[in-house]
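Trainee: Could we go through this model together, one question at a time?
Mentor: Happy to; here it is.

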Amino acid sequence: MHAGAPSDLSLSLVVFILLVFLRAGGHKLFDFAVFTGYVADYRIIPERFLSVACGVLVAAELLVVLLQVVPGGRIFGLALAGGLLAAYALGMAVNIVRGHTDIECGCGGAVQHLSWSLVIRNCLLMAIIGVAMAYPSHGFDAFSSGIAVLCGVSFWIVFLLAEQILANSSLARLTRQDGGFVRT
């Protein structure tokens, strides 16, 4: 039974979100001390609660991944992902407004300092989650599932490339500000 194009797109987006959170959660879990330092730099969570809060964030990100593969957990997992992204965007925005843009975002992957482009990225990811939630994905045959997974992986690869472009842009901006950028 084929579920239709919106449902195919939804499964592709679920795979994409799963990969985004798997990478981010894994990065934070395997380099927990560094991640805790990034969160401390935001100056939002009191130091005495920092380790516990970071542990909860990592667990929540990995729960997002788990809920995408547990029957009946997808919508809750997507809602949790959207909530985490909203909280991260808010934390970034607060620090950008404070003028604290020299903070590493702590997102996982390439080093990126806080910028409005990261806040916009999180808002776009929340919109993607909204689309995935709007069209339930179920009733796939093997071919449709395979295509949807390949599309989700493709979305993720494009996302990784965009992340690297943002990181390079951030590095170039910092280099120009420090006077280390030589123009010919």
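Mentor: A term to begin with: the expected span of a helix is 1.5 Å times one less than its number of residues. Helices (H or I, at least four residues) are DSSP runs, numbered from the N terminus. The model is predicted, so local features need pLDDT of at least 70 and side-chain atom pairs count only at pLDDT 80 or more, while totals for chains, interfaces and linings use all residues. Residues are numbered from 1 along each chain as its sequence is written, and side-chain values use heavy atoms, with hydrogens and water left out.

Trainee: How far does helix 5 reach from its first C-alpha to its last?
Mentor: Helix 5 has 19 residues, and at 1.5 Å a residue 27 Å is expected. The reach in the model is close to that: 27 Å.

Trainee: What is the distance between the end C-alpha atoms of helix 4?
Mentor: Helix 4 (residues 74–98) has 25 residues, which should span 36 Å at 1.5 Å a residue. The distance in the model agrees, at 36 Å.

Trainee: Which residue just after helix 4 takes a positive phi?
Mentor: Look just past the end of helix 4 for a phi of about 90°. The residue there is glycine 99.

Trainee: Is asparagine 95 buried or exposed?
Mentor: Asparagine 95 is found in helix 4. Leaving aside neighbours within four places in sequence, it is in contact (heavy atoms within 4.5 Å) with Asp41, Tyr42, Ile44, His100, Ile103 and Leu114. Buried means under 20% relative accessible area, exposed over 50% and partly exposed in between, with a 1.4 Å probe and protein chains only. At a relative accessible area of 0%, asparagine 95 is buried.

Trainee: What arc do the buried residues of helix 5 cover around the axis?
Mentor: The buried residues are Leu118, Val119, Arg121, Asn122, Leu125, Ile129 and Ala132, while the face turned away from them carries the exposed residues Ile120, Leu124 and Ala134.

Trainee: How is the one aromatic pair arranged?
Mentor: Rings of Phe, Tyr and Trp (its six-membered ring) pair if their centres lie within 6.5 Å; planes under 30 degrees apart count as stacked, over 60 as edge-to-face and the rest as tilted. Phenylalanine 16 and phenylalanine 159 have ring centres 5.5 Å apart and planes at 80°, so the pair is edge-to-face.

Trainee: How many residues apart in sequence are the parts that this pair ties together?
Mentor: Phenylalanine 16 and phenylalanine 159 are both buried. Phenylalanine 16 lies in helix 1 (residues 5–30) and phenylalanine 159 in helix 6 (residues 142–177), so the parts are apart in sequence by 143 residues.

Technical notes: Helices (H or I, at least four residues) and strands (E, at least two) are DSSP runs, numbered from the N terminus.
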